[in-house]
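Student: I have a structure open and would like to learn how to read it. Could we go through it feature by feature?

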Amino acid sequence: MKLSKILHADSKNPSQSNQDSWQSELADGISDVDELLSLLDLPSGDSHTPKKFPLRVPKAFVAKMQKGNAQDPLLLQVLPSHQETLAVAGYGTDPLDENNHNPIKGLLHKYRSRVLLTVTGACAVHCRYCFRQHFDYGANLPSQSQMSAVMDYIKQHADVNEVLLSGGDPLNLNQRKLSLWFDAIAALPNIHTIRLHTRLPVVLPNRVDDELLALFANSPKKLVMVLHINHPNEIDEILIDKCQQLKSAGVTLLNQTVLLKGINDDADTLSALSHRLFDAGILPYYLHILDKVQGAAHFDLPIEQAVTIYWQLLETLPGYLVPKLVQELPNRPFKTPIDIYRHQNR
């Protein structure tokens, strides 16, 4: 593959002036609620500022929000709410029971053919519905010296053929640390695919720089990137350009969406999202029922409502643009498809 075709400066985004510009943008992200509201021409009001899972959002993502709109669907995903403090029955701190699928530090082995590595606890954005917002990253971040134990575990499990890099967000790692993981995984003969679950290209598109593209283009393993996009307003021309660069570097792009009350809980929004994803070269992959995590109950929908929306999507979209409606449940060895006939409310 000729890298000259994919390693080019982003003419649509003049803020990218060098290879480490994304790290400067990351450090310059917003962590103060009043600052965020001021940038959006909104009154500060009675803001909520949690200490354990504080506000965190890059300015590049804020730029996609509509000023003066307190109900902006992108803002609602990141703005802390007093509703997070309410204790709701059935919502816990480990909704997927991940602590019982954590055989060694930094590795989750829930599904037979793949393992997930928590390579960082950091994200560029703190989504208020995050199912890992209570996860003990301090106890689950493998050091460089512990990387060999992770690789030995994978080698000893011949059924494992795919490694998922997660966290946190794996693209929050600097290039040196990310390259170390790629090099280690490249040496595993039983691994065919590296999958990255990330929101960085969406909220901080300058993370997709020349060094990252070169790393991907030179990978001996198949690469899949699962982006996390919930609303069509998250996809602009800058992201579309970055996605084209990623595809040129050999990356397969998929998307997972979480069904969120007040943000994307209607068929028109989700249909527009699928079409916008396709414009960007991304295939809709999963539409998730919300994980029952403490602090996020106000985003949840009755499953019957979710199924009603899904039937409307089936009527509206071609099959290749309809994501799978699934729910991740604890102690299940797969994503659980929602029975849309059982929960049909039509």
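Student: Which residue stands opposite Leu 165 in strand 4?

Tutor: Start with the general idea: strands of a sheet pair through backbone hydrogen bonds, either parallel or antiparallel. Bear in mind that this is a predicted model. Here, Leu 165 has Leu 196 opposite it in strand 4. The pairing of strand 3 (residues 162-166) with strand 4 (residues 193-198) is in the parallel sense and runs over 4 bridges.

Student: How many strands does the sheet have, and in what order?

Tutor: The open sheet has 9 strands, in the order 1-2-3-4-5-6-7-8-9, and the pairing is mixed. Strand 1 (107-111) and strand 9 (336-337) each have a single partner strand, so they stand at the edges and one side of each has no neighbour in the sheet.

Student: Which strands does helix 11 touch?

Tutor: Helix 11 (residues 303-316) packs on the sheet and touches strand 7 (283-288) and strand 8 (324-327). The direction of helix 11 makes about 165° with that of strand 8.

Student: Now two helices. At what angle do the axes of helix 5 and helix 6 cross?

Tutor: The axes of helix 5 (residues 147-156) and helix 6 (residues 175-186) cross at roughly 35°, and they come within 10 Å. The crossing of these two helices is right-handed.

Student: Which residues make that contact?

Tutor: Helix 5 contributes Met 147, Val 150 and Met 151, while helix 6 contributes Leu 180, Trp 181, Ala 184 and Ile 185. By class, the residues of this contact are 7 nonpolar, no polar and no charged.

Student: What about the second largest pocket: which residues are the closest to its centre?

Tutor: The second largest pocket has about 420 Å³ of space. Of its 21 lining residues, Ala 70, Leu 76, Leu 79, Ser 81 and Gln 83 are the closest to the centre. Helix 2 (33-39) and helix 4 (75-78) each supply at least two residues of this lining. By class, the lining of the second largest pocket has 10 nonpolar, 9 polar and 2 charged residues.

Student: How many cavities of 30 Å³ or more does the structure hold?

Tutor: The structure holds 2 cavities of that size. The largest cavity has a volume of about 70 Å³, and the residues that line it include Asn 255, Leu 270, Tyr 285 and Leu 313. Strand 6, helix 10 (267-279) and strand 7 each supply at least two residues of the lining of the largest cavity. That lining has 9 nonpolar, 3 polar and no charged residues.

Student: Which residues line the second largest cavity?

Tutor: Leu 259, His 288, Ile 289, Leu 290, Asp 300, Leu 301 and Ala 306 line the second largest cavity, whose volume is about 30 Å³. By class, they are 5 nonpolar, 1 polar and 1 charged.

Student: Last, the backbone. Which peptide bond is cis?

Tutor: The general rule comes first: most residues other than glycine have a negative phi, and most peptide bonds are trans. Here, the peptide bond from Gly 167 to Gly 168 is cis, with omega near 25°. Gly 168 is found in the loop between strand 3 and helix 6.

Student: And what is the phi of Asp 41?

Tutor: Asp 41 has a positive phi of about 55°, although it is not a glycine. Look for Asp 41 in the loop between helix 2 and helix 3 (59-62).

Definitions and conventions: Residues are numbered from 1 along each chain as its sequence is written. This is a predicted model: local features need pLDDT of at least 70, side-chain atom pairs count only at pLDDT 80 or more; totals for chains, interfaces and linings use all residues. Side-chain values use heavy atoms; hydrogens and water are left out. Two strands pair if DSSP finds at least two bridges between them. Contact means heavy atoms within 4.5 Å. Axes are lines fitted to C-alpha atoms, for helices over the stretch in contact, and angles run from 0 to 180 degrees between N-to-C directions. A crossing is left-handed if the near helix is turned anticlockwise from the far one by less than a right angle, and right-handed if clockwise. Ala, Val, Leu, Ile, Met, Phe, Trp, Tyr, Cys and Pro count as nonpolar, Asp, Glu, Lys and Arg as charged, and the others, Gly among them, as polar. On a 1 Å grid over the protein atoms alone, a cavity is a set of points where a 1.4 Å probe fits but cannot get out, and a pocket is an open set with protein on both sides within 12 Å along at least five of seven lines; lining residues have an atom within 4 Å of a point. Grid points are joined across faces, edges and corners, and a volume is the space filled by probe spheres set on the points.
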